[in-house]
Amino acid sequence: MTQNQFSIFETELNVRPDDIDMFNHVHNSKYLDYVLAARYEQMEKFYGMSWEKFSEQGFGWVVAKVIINFKRPLKMGDKMIVRTGILEMNEKGSNVQFEIINKTTGKVSSDGIFEYVMIDLQTQRSCKVTEEMIKAYSI
């Protein structure tokens, strides 16, 4: 992962039976779920800005673009570390880098970048990220 002024956080997750596809490894769509689950936990635990807090203020984050590099498969019974960190944060949104690491082997299973945009929940249109939010995420 790219080291910069922003912190990198980790969340541990397990491969579940319903994550497995017909080739006996984790289906590619599940990697999105893993990153989103980790970010959900990390928003509250590390930033003090939970998903619910955004909603209460009338805002939400939506994914505008995702780049995923699949390197090694995860399989049933694997434990993983989902490591994420902000690459860029500005009034338009944020770019979040991630790695999913097989805990047993220590090898990267996938990595990439999520591009998030802030939306106004009432209008469902993009809006500016407030200074308070930028400050909360700039750790």
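This is a predicted model: local features need pLDDT of at least 70, side-chain atom pairs count only at pLDDT 80 or more; totals for chains, interfaces and linings use all residues.
Biologist: Which parts of the chain does the salt bridge between Glu 12 and Lys 103 tie together, and how many residues apart are they in sequence?

Modeller: The side chains of Glu 12 and Lys 103 meet in a salt bridge with an N to O distance of 2.8 Å. Glu 12 is partly exposed, with a relative accessible area of 41%, and Lys 103 is partly exposed too, at 43%. Because Glu 12 lies in strand β1 and Lys 103 in the loop between β4 and β5, the pair ties together parts that are separated in sequence by 91 residues.

Biologist: Is Asp 19 buried or exposed?

Modeller: Asp 19 forms a salt bridge with Arg 16, the closest N and O atoms being 3.9 Å apart, and another with Lys 30, where the closest N and O atoms are likewise 3.9 Å apart. Buried means under 20% relative accessible area; since the value for Asp 19 is 3%, this residue counts as buried.

Biologist: Which element supplies the largest share of the largest nonpolar core?

Modeller: That core has 31 residues, and Phe 54 and Trp 61 are among those with the most contacts inside it. Several elements each supply at least two of its residues, among them β1, β2 and α3. The largest share, 5 residues, comes from α1.

Definitions and conventions. Residues are numbered from 1 along each chain as its sequence is written. Side-chain values use heavy atoms; hydrogens and water are left out. A nonpolar core is a set of buried Ala, Val, Leu, Ile, Met, Phe, Trp, Tyr and Cys residues joined through side-chain atoms within 4.5 Å. Buried means under 20% relative accessible area, exposed over 50%, partly exposed in between (1.4 Å probe, protein chains only). Helices (H or I, at least four residues) and strands (E, at least two) are DSSP runs, numbered from the N terminus. A salt bridge is a side-chain nitrogen of Lys or Arg within 4 Å of a carboxyl oxygen of Asp or Glu.
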